[in-house]
Amino acid sequence: MPAERLLLIIEDDAAFARTLGRSFERRGYAVLLAANQDEAGALLRQHNPGYAVVDLKLNGNTSGLACVQMLHQHDEAMLIVVLTGFASIGTAVEAIKLGACQYLAKPSNTDDIEAAFGHVAGNTEVELTTRSTSIKTLEWERIHEVLVETDFNISEAARRLGMHRRTLARKLEKQRIK
């Protein structure tokens, strides 16, 4: 781990960013907060953080992947963890390719993130699952992808999915089936 415990959090949800920042401060980190890539770039001109936590989806449909790329170009040794409420294999692969050391699905707590900073090497002992993804899980993931694309507009998402708005609302009320 880098000697200096300076952490940059790039998160557009101000309340979550402050809460996460305070939690890391209690653990001995100095914390910098940015709501977007421009703010993060300005902070990087003045500071050299050893750690970063980046939200995958920022306001204005901005991708946190661009932030990951910028951070990695700034300092290849920086430990970057991507947090997302909309995890997918594609974005996970791209985040790692662009320089993130870990990719975590929300909700993740400070313990999870700090453990991710310490777990940068691959692990050949990870258990491989033989269970295939269910159709219900695939449907759930597709619905949420479309919801993100439409900024959570239920009517537009239902139109794009080819289903009635009330049908989509009922599906969203059900708990995720694994």
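Predicted model: local features only at pLDDT ≥ 70, side-chain atom pairs only at ≥ 80, totals over all residues.
β3 and β6 run parallel and are joined by 5 bridges. On another side of the story, β3 pairs with β1 in the parallel sense over 4 bridges, and the bridge partner of L7 in β3 is Y51.

**The whole sheet**

Put together, 5 strands form an open, parallel sheet in the order β2-β1-β3-β6-β7. Which strands stand at the edges? They are β2 (30–34) and β7 (102–105); each has a single partner strand, so one side of each is left without a neighbour in the sheet. From one strand to the next, the twist averages 20°.

How many of the residues of β3 are buried? The count is 5 of the 5, so β3 is largely enclosed by the rest of the structure. In a regular strand, side chains alternate between the two faces of the sheet. Both faces of β3 are covered, with Y51, V53 and D55 buried on one side and A52 and V54 buried on the other.

**Helices around the strands**

Helix α2 (residues 37–46) packs on the sheet, where it touches β1 (6–10) and β2, and its direction makes about 140° with that of β2. Helix α3 (residues 64–74) lies across β1, β3 (51–55) and β6, running at about 165° to β3.

Helices also pack on one another. Two packed helices are described by the angle between their axes and the distance between the axes. For helix α1 (residues 14–26) and helix α5 (residues 110–118), the angle is about 65° and the axes are 10 Å apart. Their crossing is right-handed. On the α1 side the contact is made by L20, S23 and F24, and on the α5 side by T110, I113, E114 and F117. Sorted by class, this contact has 4 nonpolar, 2 polar and 1 charged residues.

**Salt bridges**

The structure holds 11 salt bridges. Here are some of them, with the N to O distance for each.

| Salt bridge | N to O distance |
|---|---|
| K57 and D151 | 3.9 Å |
| K97 and E94 | 3.6 Å |
| R142 and E149 | 4.0 Å |

K57 is partly exposed, with a relative accessible area of 23%.

K97 and E94, by contrast, both lie in helix α4 (residues 89–98), 3 residues apart, which is about one turn of the helix. Is K97 buried or exposed? With a relative accessible area of 63%, K97 is exposed, while E94, at 34%, is partly exposed.

R142 and E149 are each partly exposed too: R142 has 39% relative accessibility, and E149 has a relative accessible area of 43%. Salt bridges that share partners join R142, E145, E149, E156, R159 and R160 into one network.

Terms used
Residues numbered from 1 in each chain as written. Heavy atoms only, no water. Axes fitted to C-alpha atoms, helices over the stretch in contact; angles between N-to-C directions. Helix = DSSP H or I, 4+ residues; strand = E, 2+ residues; numbered from the N terminus. Left-handed = near helix turned anticlockwise from the far one by under 90°. Contact = heavy atoms within 4.5 Å. Nonpolar A, V, L, I, M, F, W, Y, C, P; charged D, E, K, R; others polar. Pairing = 2+ DSSP bridges. Salt bridge = Lys/Arg side-chain N within 4 Å of Asp/Glu carboxyl O. Buried < 20%, exposed > 50% of the residue type's maximum accessible area, 1.4 Å probe, protein only.
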